[in-house]
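Me: I have a structure open and want to go through it with you. Can you take some quick questions?

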There are 6 protein chains.
Amino acid sequence: MKGAIFPIGLLLLASAISPLSAWSVEPDSRRLRGQETLEKITGAEGRRVVDSLREISPELGDWIVDFSYGDVFSRPGISLCTRELATISALTALGDARPQLKVHIEGALNVGCSPNEVVEVIIQQAVYAGFPRALNGISAAKEVFEKRGVRTASLKPEAAGATIEP
Amino acid sequence: MKGAIFPIGLLLLASAISPLSAWSVEPDSRRLRGQETLEKITGAEGRRVVDSLREISPELGDWIVDFSYGDVFSRPGISLCTRELATISALTALGDARPQLKVHIEGALNVGCSPNEVVEVIIQQAVYAGFPRALNGISAAKEVFEKRGVRTASLKPEAAGATIEP
Amino acid sequence: MKGAIFPIGLLLLASAISPLSAWSVEPDSRRLRGQETLEKITGAEGRRVVDSLREISPELGDWIVDFSYGDVFSRPGISLCTRELATISALTALGDARPQLKVHIEGALNVGCSPNEVVEVIIQQAVYAGFPRALNGISAAKEVFEKRGVRTASLKPEAAGATIEP
Amino acid sequence: MKGAIFPIGLLLLASAISPLSAWSVEPDSRRLRGQETLEKITGAEGRRVVDSLREISPELGDWIVDFSYGDVFSRPGISLCTRELATISALTALGDARPQLKVHIEGALNVGCSPNEVVEVIIQQAVYAGFPRALNGISAAKEVFEKRGVRTASLKPEAAGATIEP
Amino acid sequence: MKGAIFPIGLLLLASAISPLSAWSVEPDSRRLRGQETLEKITGAEGRRVVDSLREISPELGDWIVDFSYGDVFSRPGISLCTRELATISALTALGDARPQLKVHIEGALNVGCSPNEVVEVIIQQAVYAGFPRALNGISAAKEVFEKRGVRTASLKPEAAGATIEP
Amino acid sequence: MKGAIFPIGLLLLASAISPLSAWSVEPDSRRLRGQETLEKITGAEGRRVVDSLREISPELGDWIVDFSYGDVFSRPGISLCTRELATISALTALGDARPQLKVHIEGALNVGCSPNEVVEVIIQQAVYAGFPRALNGISAAKEVFEKRGVRTASLKPEAAGATIEP
């Protein structure tokens with residue numbers, strides 16, 4: 001359906017100039033859907049990562065756009081915010097993917113998750129992946145929040161009391 | 001606030017009978033809150049796990065109830081369904097926690113997530129933790145769905161077409 | 001280029017019968033290439049895995065065929081045997097993917113690797129991922145070799161002496 | 001220094017019969033030291049594992065004896081019990097090495113650690129590697145303790161109260 | 001029992017000023033015990049980490065003090081040095097927790113382990129988690145030893161010869 | 001057999017000066033074989049790593065030379081290039097061993113693998129260990145290629161078209 005709003009003449013022109021990377025115009029619905037979803041989640045950052053792969057492995061960039069964002073993240077069934085929270089949860093648990101974790105903490109905020117929700121799924125990993133990974137996840141979140149000017153001091157007044165027993 | 005509805009007389013009585021395990025009556029709001037949340041999520045299964053620890057390490061059982069469920073899972077901020085989906089995501093990514101993954105797939109269904117949402121966060125791990133862990137996660141889900149009689153054949157008519165390009 | 005030998009009339013017919021799974025005829029070069037590569041590597045086993053996903057998550061099966069085998073494993077640049085050895089190496093290192101490891105030990109033999117090469121990359125993981133994962137990898141190889149009647153006793157006469165100092 | 005108590009005549013004889021595996025008599029101090037340490041820690045079990053490798057990868061068996069037990073575990077500096085507790089800690093944290101974890105829980109008991117110490121380092125992993133791996137570690141310990149008739153019910157009367165606040 | 005030496009009047013006062021973080025005075029024996037153990041192991045460093053969480057996730061800081069150090073590390077049964085060696089072993093094996101590993105290498109020295117013992121459990125991970133993680137663990141130890149002026153050149157005269165065969 | 005070309009007089013002399021580290025002359029075939037293989041693969045870099053261990057843990061350096069390179073990497077059965085590709089595959093999958101990954105990307109080039117082959121096994125990990133680890137592996141390769149002046153822009157003309165559907 002997205003293809004429908006893409007002018008067919010441009011498509012033909014595009015295929016004539018032999019597109020070679022994820023960001024050339026290309027008449028492929030996965031590509032277009034992937035680019036759109038990638039931009040919705042990561043803003044310009046995802047595109048920057050894909051572009052950085054152009055010289056060493058453009059196909060890895062293509063797979064990110066076509067498969068990760070075109071096939072997987074564009075699926076209906078759960079909201080983009082829930083997808084991003086699930087991604088943050090997995091990346092915190094894996095523990096060695098800080099650059100990607102930061103991209104998806106930004107992504108979660110971009111698609112409407114609250115900073116509070118991001119913090120919740122990260123600290124929950126103290127239970128499943130252990131405190132070091134939860135701590136390193138929170139440190140990544142702190143960097144993102146400071147960069148974006150999210151005021152963390154007043155983040156969760158209601159939650160602050162929740163762990164203090166009377 | 002939960003403590004407020006707990007009769008103070010019972011509390012005193014309870015402390016007099018010297019509770020020794022997670023499932024004795026004990027005047028501790030974390031314990032009560034944890035037991036309640038554990039039961040809400042896992043039904044009788046969580047209690048069975050905690051009981052199985054009684055002889056070898058009752059304190060590990062206490063920590064599950066008091067810390068994991070009393071402190072962490074009882075927090076406000078995200079819904080229990082989102083918590084369970086984040087848990088499923090992390091356990092699929094960790095890859096070596098099949099018993100716990102199955103408990104939380106049941107837990108997700110118990111707190112109102114749809115089978116479809118469970119499947120979505122598991123297959124998304126093909127992107128973040130690789131296909132083998134996604135496959136093993138789906139195999140765990142399949143066992144749970146079959147046990148509970150969830151009809152997977154008609155799981156997601158709308159999604160079925162989503163990955164097929166025209 | 002493979003698309004070129006696929007009769008265009010059949011393609012139109014195929015698209016008319018609305019294929020819904022990885023194993024229906026479908027006019028997609030990734031799908032065809034993926035099925036071919038999957039079969040070359042895993043014989044009927046890969047197809048069995050994909051089929052087992054039909055009811056719970058047919059799209060995960062599609063991704064295995066289209067992305068893993070159509071996009072990645074069908075690439076030129078290294079031989080299929082080297083790809084399989086690299087896969088065995090990674091799966092041994094990850095440590096929690098025994099079913100997939102066994103499929104790819106079979107796959108390595110199917111595409112012409114020798115049992116000796118399979119054993120070499122597994123035991124090398126004693127250095128990189130530690131002895132337990134190397135041991136569990138060898139135990140998986142042993143099961144596959146016994147099933148296929150690979151005579152392991154005489155596997156590597158030359159190598160047997162290699163670690164014994166005079 | 002251990003070599004000093006090994007009769008030199010036997011050594012010469014041994015080298016004449018051209019030993020081919022870890023368990024033949026062989027004039028190598030690493031081999032002898034490794035066999036001795038392996039037996040001290042694992043009893044007959046380690047030898048059984050090494051023997052099971054004879055046909056598929058005798059060199060992996062050699063490395064276990066010569067390197068793991070001859071070079072590493074035979075070192076002075078920390079007691080064998082502390083080594084075994086450190087091993088149990090690492091194997092619980094890695095999470096996917098249950099057979100090896102069970103061997104070393106037995107090993108810890110064999111070299112004089114108490115069941116209580118074994119339980120302590122396993123449940124401590126709830127903090128560092130998360131609850132699922134701690135739980136799976138305890139389940140491995142439970143199997144070992146039951147097999148050996150370690151009475152877990154009365155394991156740690158003093159510790160039982162330690163996590164219960166007055 | 002530690003609560004007994006805490007003046008009850010101060011406790012009441014403390015609860016009146018509504019403590020909000022792990023480092024306010026708070027009438028909870030887990031908190032007090034945790035703070036004491038955390039300080040014994042990490043000196044001022046652990047408190048600095050907990051304080052750094054105050055704005056983004058004070059509850060994660062609370063859990064570190066109350067659960068990790070109050071419930072787990074304060075337990076009897078094994079010495080603090082053995083606990084720290086087990087922690088170093090697990091963190092080296094997990095591989096992606098360098099900041100925490102450095103804190104606990106310092107912690108091990110703080111509670112009376114020798115530098116030699118620290119080195120032993122790290123290099124032992126060459127066997128269980130592979131050489132890269134052992135190497136990265138040793139590199140962390142090197143940084144800590146240099147910062148504290150531990151003279152590593154003369155670390156272990158007796159051990160130096162242990163791996164050299166005559 | 002390598003020992004045969006080593007002058008026996010020098011051996012006796014060498015043993016008289018009591019070698020203490022991996023890089024002293026020492027009459028041990030594993031040591032010599034290991035040094036030779038280590039240098040063939042890593043050039044001066046491996047020696048630098050081993051030397052950096054001299055003060056904190058010379059035995060870890062010995063084990064790298066004697067066991068990892070003398071016992072494992074010196075084995076016949078697969079080519080050094082295949083060994084290095086298997087190593088790169090495992091290190092990319094483990095995810096937290098960037099320094100070692102970079103050493104072995106250089107190693108692969110040193111023993112005759114093409115940059116293209118290195119890229120292939122890294123991006124293949126998108127399937128087995130997930131996209132974040134594949135991306136971080138490619139970023140390590142990029143640093144190595146830039147340092148060595150490998151022209152990545154023209155890396156794989158033939159492969160570039162392989163993932164673009166017509």
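Me: Through which surface do the copies, chain B and chain F, meet?
Reply: They meet through the same surface, because 100% of the interface residues of chain B are also interface residues in chain F. Contact here takes C-beta atoms, placed from the backbone, within 7 Å. This is a predicted model: local features need pLDDT of at least 70, side-chain atom pairs count only at pLDDT 80 or more, and totals for chains, interfaces and linings use all residues. Residues are numbered from 1 along each chain as its sequence is written, while chains are lettered from A and ligands numbered from 1 in the order in which they are written.

Me: Switching to chain A, what are the domains?
Reply: Domain 1 is 24–76 and domain 2 is 77–149, with bounds from an automatic or database domain assignment. Their C-alpha centres lie 21 Å apart. Eight residues from domain 1 of chain A and nine from domain 2 of chain A make the contact.

Me: And what is F:Ala141 in contact with, leaving aside neighbours within four places in sequence?
Reply: A:Ile56, F:Ile105, F:Val118, F:Val119 and F:Ile122.

Terms used:
Two residues are in contact if their C-beta atoms, placed from the backbone, lie within 7 Å.
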